[in-house]
Amino acid sequence: MITTKERFFGLNQTNSFILFEQMVESGIFYSTVLDPILAPMRKRVTREIQPGEKLIDIACGTGAQIFELIGIASKIVGVDLSESMIIHAQNTCKKRGVSNAEFFVCDAASLSIFETGSFDVAIMSMALHQFHPDLHSPVLSEMKRVAKRIIIVDYAVPLPKNYTGVGSRVAEFLAGREHNRNFKQYYRLGGLNGILPANKLSIQKSVYFGKGAFQLVVCSDLQ
């Protein structure tokens, strides 16, 4: 059976969309294509950080958010399961001479290399929708364990029917079968407003931006 994506890329180019999916996951693609698009979001997150705080960025990707915060935070750690992303971030760190940031290949669902309460803030930007629903609880539990405050940015639900909302859906469709499947599950669960309270997180602040397509929340453990 021919899939919609195969129609998009052409019947005689069945490997094209596989290569595209691999490219999307690479540090080079993120740094040259996606990071510039998400730059306003990164700057919005910095407004929630107090000078001198210790931060951990979960699923940090190329470290773009971290490099926005190096002049504010006293220490920043970035973790990501993608070795390509972490290598890219480490290389950028060396080139810029950054001394207060570290990067580790690490599973977001198991942050055992960090002690409880090691950080003031845990950040996660545009990553929760990528995880299978079974991972929501372990990932959020680990964020609660290692940090006092949590800041998460992701898609708003429902997405607006403007060009930003439509573009977001298209981007998720092109990101790959599994990625798009997880995005749809995230959407069905109500996005941040549904998933966070279900995992015993209290939303203290909620801000919508990007023409209503994105939501930033500041939250903490209900306990």
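Predicted model: local features only at pLDDT ≥ 70, side-chain atom pairs only at ≥ 80, totals over all residues.

User: Which residues of helix 9 are buried?

Analyst: The general idea comes first. An α-helix has 3.6 residues a turn, so residues three or four places apart point the same way. In helix 9, the buried residues are His179, Asn180, Asn182, Phe183, Tyr186 and Tyr187. Viewed down the axis of helix 9, these buried residues fall within an arc of 160°, so they line one face of the helix.

User: What do the buried residues of helix 9 pack against?

Analyst: They pack against helix 7 (133-146), strand 5 (147-155), helix 8 (163-174) and helix 10 (191-198).

User: How far does helix 9 reach from its first C-alpha to its last?

Analyst: Helix 9 spans residues 177-188, twelve residues, and reaches 17 Å, close to the 16 Å expected at 1.5 Å a residue. Just after helix 9, Gly190 has a positive phi of about 95°.

User: Which residues of helix 10 are buried?

Analyst: Gly191, Leu192, Ile195 and Leu196 are the buried residues of helix 10. Their arc around the axis is only 95°, which puts them on the same side of helix 10.

User: What covers the buried residues of helix 10?

Analyst: The cover includes helix 7, strand 5, helix 9, strand 6 (201-209) and strand 7 (214-221).

User: Which residue takes a positive phi just after helix 10?

Analyst: Lys200 does, with a phi of about 60°.

Note on methods: Residues numbered from 1 in each chain as written. Heavy atoms only, no water. Helix = DSSP H or I, 4+ residues; strand = E, 2+ residues; numbered from the N terminus. Expected span 1.5 Å × (residues − 1). Buried < 20%, exposed > 50% of the residue type's maximum accessible area, 1.4 Å probe, protein only. Arc of directions from axis to C-beta. Contact = heavy atoms within 4.5 Å.
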